[in-house]
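Here are my notes on the model you sent. Please read them with the structure open beside you.

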Amino acid sequence: MMHSSRLTRRSVIKAGLGMALATTALTTLGLPMPAKAAGKKVIIGAFADGGLTPFKEKIIPLAKEQGFDIQFLEDEYGVTLEKWFADAQSGAGQYDLYLLDDPWVPQFGAANVLEDLGAGGIDGSDKDWIGPMIDMGYWPPQKGPRVKGFENAKPTLICVPFVGDLQTLTYRNDVFTGGAPKTWDEVIAKGKEGVAAGKIKYPVVFRGVSGNPIVTSWYPVFLSFGGSFFDDKWNPIFNSAEGKASADFFVGTMKQNAPSGVVEFDSDQEGAAILGGEAGAIIQYSGNALKADDPAQTKVAGKLDFGVVPKQEKAIAQMGIFIAGVPKSAPNKANSIEFLKWYVSAETQAKLSEAGSIPVKRSAFGVAKPGNRLIPIALQQLDAGALPRPRTPDWAKVEELLGIELNKALQAGSGGGAALDTAAKQVKDYLTTVGYY
Amino acid sequence: MRTGTQARKYRLQGAGLDLALPYLMLAPGLMVVLGVLVYPLWDGLRASTRAYRYGSPVADVGFQNYVQLWSDAQFLNSLWVTVKFVALSVSIEAVLGFALALFCLHEFRGIRLLRTVLIIPMVITPVVVAILFRLIYASDAGMLTALSEAMGGGGVQILGNPLNAFIGLVVLDVWEWTPLMFLILLAGLQSLPHEPFEAARVDGAGPWRVFADLTFPMMRPVLAVAIVLRTIDAFGTFDQVFVLTRGGPGEATRLISIYGYDTAFKFQQTGYAAALFVTIGLVVLALAFSAIRLLRRVDAS
């Protein structure tokens with residue numbers, strides 16, 4: 001005999017009421033919702049960036065196989081710092097894991113809002129970590145100057161490197177036919193030949209927008225000229241002779257060889273210039289570099305190669321990694337730490353490397369088939385030299401002050417050195433008011 | 001004979017409920033106002049007298065944050081940029097809005113459609129407006145550059161040049177908010193009495209005389225209200241600048257709202273930012289009161 005179940009208005013209302021009552025009862029009693037207990041839930045907050053594409057596409061499915069229920073919440077870069085800091089400070093518990101930009105670690109560390117991952121069982125002393133990367137996860141820093149109030153505090157591992165990003169050179173191999181240009185002078189000279197030959201429109205393109213973008217573009221030039229940012233007492237020394245020479249070169253020579261609107265360029269315009277075939281060379285993080293071989297995303301597939309950043313004195317790049325921290329207010333703290341342990345294991349890092357991302361463990365650089373030809377170049381750059389930005393919770397303000405002055409000099413096309421003098425005074429004044437000296 | 005309900009009612013009245021009832025009925029609304037308006041305001045005032053480090057209050061500093069503002073070159077610059085922006089954009093919006101309202105007062109075929117079309121910019125989300133203008137202004141792939149290149153010119157520099165970026169921001173604001181002025185002023189014009197205008201026409205007054213002696217004086221209160229409202233609103237302009245220029249190039253378009261936001265959330269100087277916003281609130285209030293007083297004085301004379 002067959003039963004026929006008819007859907008009536010009354011049955012729908014009864015079922016709805018029943019579910020509502022059950023939900024209310026379970027919530028009131030603090031019991032977990034049965035429907036949501038599908039896996040070990042981890043809510044990850046990230047800012048939108050191409051550097052995370054391999055993680056999203058290849059590693060999240062692997063994590064699901066391991067029983068993790070990953071919720072990946074993305075936001076625009078410009079709003080994530082304040083959003084997550086407010087979340088962590090208020091204890092709102094909206095996230096289990098933040099994928100921070102590494103300069104933000106000191107701010108979160110000083111506010112004491114992140115879990116001690118060392119106590120959670122993550123080994124920061126593992127020799128397989130890329131040294132400068134794991135160093136960035138400690139607050140206060142293990143090396144270098146410390147800000148007031150943290151001089152004698154024990155360094156704690158509050159974050160672990162997640163995706164090992166750093167700046168490298170992307171260049172047109174039909175313009176720089178002898179391989180990656182070794183110096184900035186070569187970038188300009190060969191680039192001009194490329195322009196004259198009609199292969200490109202500009203020898204170089206960079207980010208000129210005030211604040212973080214322009215400072216990020218200037219930084220490798222600054223480092224390559226031999227500049228240092230602070231002394232060991234937090235006095236700004238970026239306006240040294242080397243620093244001024246780099247700034248003059250940046251706002252003068254580089255601007256003259258870049259698009260006229262470079263003052264308003266950010267990473268999207270910079271990426272469009274190299275992928276669209278207009279630029280001869282750019283310094284960039286991995287986000288756009290990962291698109292270099294995809295004909296759907298570039299007009300010059302096969303013509304883009306990677307190299308170590310050019311030098312005047314040294315070939316040093318800026319390191320800017322994605323670094324993961326677990327807020328003290330995380331609703332699924334244990335799951336997050338378990339996920340991180342799995343994620344930073346040599347095996348998973350090898351998978352990340354095969355997926356095309358720069359790993360954070362040295363062994364993963366040695367996989368037979370790295371998913372992107374940028375990966376061995378990234379290792380070369382790490383060995384040549386890559387430095388993080390100064391480890392201070394006030395970096396955002398310092399970067400803002402410097403970025404405004406650099407941007408003004410870039411508009412003028414001259415006066416880089418004077419801009420650094422002005423910015424150094426402003427930075428010194430600011431740090432004085434917040435008690436650095 | 002009294003019913004049970006009536007008896008209960010009289011007993012309650014005797015207990016003073018009739019006196020307490022209005023307050024009891026006001027209580028929920030009052031609680032909401034206290035919770036969402038008074039407490040945050042008080043908390044903001046308290047925060048403005050404290051110094052914060054790493055997101056937490058560390059010391060009471062009295063009025064030091066307020067004093068420090070006036071020696072902060074960045075604050076003074078952003079205040080000056082904001083005043084210029086508000087003065088220029090609100091003036092243009094008032095003139096254009098008035099002109100459009102006068103034009104749309106006439107009844108002709110298609111006027112309803114025109115009135116509807118004119119208020120469209122106002123109903124678009126500010127962030128979307130900013131993105132649209134970015135697509136127009138961008139020097140590499142913007143519409144203006146494309147037009148210029150099609151006519152044999154070069155790239156058009158709007159966002160990379162301080163003066164052009166500022167003017168570009170004013171143009172955006174005028175495009176978006178002239179409709180609000182238009183709407184308020186049109187409503188005002190439509191509510192004016194007909195008799196004085198008919199009398200003026202009978203007396204042979206021309207359009208300019210009617211405007212100068214009747215329309216403008218009669219519209220002055222409405223115009224003042226519209227300008228005050230728009231001024232207060234323009235002081236808080238944020239989304240458009242955040243998306244379009246982020247305050248650049250340099251500090252050319254850094255309005256006080258952007259500087260305050262950065263100070264509070266990016267640089268974590270909560271107390272200083274609170275002092276900044278309280279100061280700006282007072283400046284806006286002072287402007288509004290001045291405008292109203294000026295209006296009363298003009299009306300009285």
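1. Confidence in chain B. This is a predicted model. In chain B, helix H1 (residues 4–14) has the lowest confidence, with a mean of 65. Helix H9 (residues 162–190) of chain B has the highest, at 96. The mean pLDDT of chain B is 90, and 94% of its residues reach 70 or more. Where pLDDT is low, the predicted coordinates should not be read in detail.

2. Overall scores. The model has an ipTM of 0.81 and a pTM of 0.84.

3. The contact between the chains. Chain B contributes 21 residues and chain A contributes 24 residues. On the chain B side, helix H13 (residues 256–266) of chain B supplies the largest share, three residues. What is the make-up of the side of chain B that touches chain A? That side has six nonpolar, ten polar and five charged residues.

4. Domains of chain A. Chain A splits into domain 1 (38–165 + 321–384) and domain 2 (168–318 + 394–433). Their centres, taken over C-alpha atoms, are 27 Å apart. The contact between them uses 18 residues from domain 1 of chain A and 19 residues from domain 2 of chain A. Helix H13 (residues 374–384) of chain A gives the most to the domain 1 side, with six residues. The domain 1 side consists of eight nonpolar, seven polar and three charged residues. Note that both chains have a helix labelled H13, so please keep the chain letter in the text.

5. The five-stranded sheet of chain A. Its order is E2-E1-E3-E12-E6. The sheet is open and its pairing is mixed. Which strands lie at the edges? They are strand E2 (68–75) and strand E6 (159–163) of chain A, each pairing on one side only. The twist from one strand to the next averages 30°.

6. Pairing at E6(A). E6(A) runs antiparallel to strand E12 (residues 322–325) of chain A, and four bridges join them. Within this pair, A:Cys159 has A:Gly325 in E12(A) as its bridge partner. Helix H2 (residues 53–65) of chain A packs on the sheet and touches E2 and E6 of chain A. The direction of helix H2 makes about 155° with that of E2(A).

7. Helix H11 (residues 333–343) of chain A lies across strand E1 (40–47), E2, strand E3 (97–101), E6 and E12 of chain A. It runs at about 75° to E1(A).

8. The four-stranded sheet of chain A. This open sheet has the order E8-E9-E7-E10 and mixed pairing. E8 and strand E10 (304–307) of chain A are the edge strands. Neighbouring strands are turned by 20° against each other on average, direction ignored.

9. Strand E9 (residues 279–284) of chain A. Is this strand mostly covered or mostly open? It is mostly covered, with six of its six residues buried. Strand E7 (residues 168–172) of chain A pairs with E9(A) in the antiparallel sense over four bridges. There, A:Leu169 is bridged to A:Ile283. Strand E8 (residues 202–204) of chain A pairs with E9(A) in the parallel sense over two bridges. In that pair, A:Tyr202 has A:Ala279 as its bridge partner.

10. Four bridges join E7(A) and E10(A), which run antiparallel. A:Arg172 stands opposite A:Leu304 in E10(A). Helix H6 (residues 184–196) of chain A packs on the sheet, touching E7, E8 and E9 of chain A. Its direction makes about 160° with that of E8(A).

Notes
Residues are numbered from 1 along each chain as its sequence is written. Chains are lettered from A and ligands numbered from 1 in the order in which they are written. This is a predicted model: local features need pLDDT of at least 70, side-chain atom pairs count only at pLDDT 80 or more; totals for chains, interfaces and linings use all residues. pLDDT is the predictor's confidence in each residue, from 0 to 100. Two residues are in contact if their C-beta atoms, placed from the backbone, lie within 7 Å. Ala, Val, Leu, Ile, Met, Phe, Trp, Tyr, Cys and Pro count as nonpolar, Asp, Glu, Lys and Arg as charged, and the others, Gly among them, as polar. Domain bounds come from an automatic or database domain assignment. Two strands pair if DSSP finds at least two bridges between them. Axes are lines fitted to C-alpha atoms, for helices over the stretch in contact, and angles run from 0 to 180 degrees between N-to-C directions. A residue is buried if 20 or more other C-beta atoms lie within 10 Å of its own, exposed if 12 or fewer, and partly exposed in between; C-beta atoms are placed from the backbone.
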